[in-house]
Amino acid sequence: MIGSEATPLLLLISLDAAMAIFYHGENARVVDLTFTMNASSIYWPGSPDFNFTILNRNEVGTHWYETNYFATAEHGGTHLDAPAHFSKGKWRTHEIPVERLVGPGVIIDVTSKATTDHDYRVQISDIEVWETKYGNIPEGAIVLMTSGWTKRYPDKGQVFGSENTTNPETFHFPAFHEDAVEWLIQHRNISIVGVDTPSVDYGQTKTFPVHQLLGANNIIGLENVAYLDKVPEHGAIIFAGVTKLYDGSGGPARVIAIYTTDSSTYNTLITIGIITVVLSLLIFRFCRL
């Protein structure tokens, strides 16, 4: 028990140290990768519209007081797919380990390909190109496709690639190929796969194989991730905050990237992470003896 409690504590200490390094560096950058949630937020057909109602917004005695009510489907705007979304018995939203919501960012840019082929799907070869530049995808990575789709949001016709935004059979937008996701699952230890489009499966899918693969392997999905063109392909830390919704299959997410233009700072961050993981494993093993 002591070891299992010490491990997440050390991971949190590591995260605090990493944050301190970033925020005290002159070259630190923080990028919001989230679309604002409002009446224009895009949902998959069949979901109810976003609802925001003002309950109080006035002077009360000597002070101002505001309170509101909002209602939303889980899967709308920038949002997270819990593994249970497409896989029975896998993690629901409240069960996702918090350490799986933060990790090294791997940004795979297929903008040029998606521009000419709206049905483009990220291939194993795209991953290999990234690794040729930056080395193997790191442990616990958050792998995100950027296709240039951010500029289309929130125009439903542009985002879904169809004039008929209520019929998924007409949709055309890029995402991941199931072979590429299968390769990531088999060869790399990743935490999240995400896209800047409405779905990790491309618009013309009929069976949602990527959703099924991710769910079956307890890997999280992110959809409608914004402004990925503002984040380097390598070197960022990605945070995917989501409401800890009991029994949920997902939820609206606040996705944030933190990076530095000083490579030595990033290397220090990675070193701290490696040391912390090693110490955590040693402590866990010692306490189990």
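## A helix tucked inside

Six of the eight residues of helix α6 are buried, so α6 is largely enclosed by the rest of the structure. Here "buried" means under 20% relative accessible area, with a 1.4 Å probe and protein chains only. Helices are DSSP runs of H or I with at least four residues, strands are E runs of at least two, and both are numbered from the N terminus. This is a predicted model, where local features need pLDDT of at least 70 and side-chain atom pairs count only at pLDDT 80 or more, while totals for chains, interfaces and linings use all residues. Residues are numbered from 1 along each chain as its sequence is written, and side-chain values use heavy atoms, leaving out hydrogens and water.

So who is hidden in α6? The buried residues are P209, V210, H211, L213, L214 and G215. They pack against α5 and the strands β4 (79-81), β8 (175-176), β9 (190-195) and β10. Just after α6, N218 takes a positive phi of about 50°.

On a 1 Å grid over the protein atoms alone, a cavity is a set of points where a 1.4 Å probe fits but cannot get out, and lining residues have an atom within 4 Å of a point. Grid points are joined across faces, edges and corners, and a volume is the space filled by probe spheres set on the points. There is one cavity of 30 Å³ or more, and the largest cavity has a volume of about 60 Å³.

Helix α6 turns up again here: it gives the largest share of the lining, three residues. Both α6 (209-216) and β10 (220-223) supply at least two lining residues each. Among the residues lining this cavity are D81, H85, F86, H211, L214 and I220.

## An open pocket

A pocket is an open set of points with protein on both sides within 12 Å along at least five of seven lines. The second largest pocket holds about 210 Å³ of space. It is lined by 15 residues, and W44, H75, H85, P198 and E223 are the closest to its centre.

## Two crossing helices

The axes of α3 (residues 124-134) and α5 (residues 178-187) come within 8 Å and cross at roughly 50°. Axes are lines fitted to C-alpha atoms, for helices over the stretch in contact, with angles from 0 to 180 degrees between N-to-C directions. I124, I127 and E131 of α3 meet D179, A180, W183 and L184 of α5, with contact meaning heavy atoms within 4.5 Å.

Key
Buried < 20%, exposed > 50% of the residue type's maximum accessible area, 1.4 Å probe, protein only.
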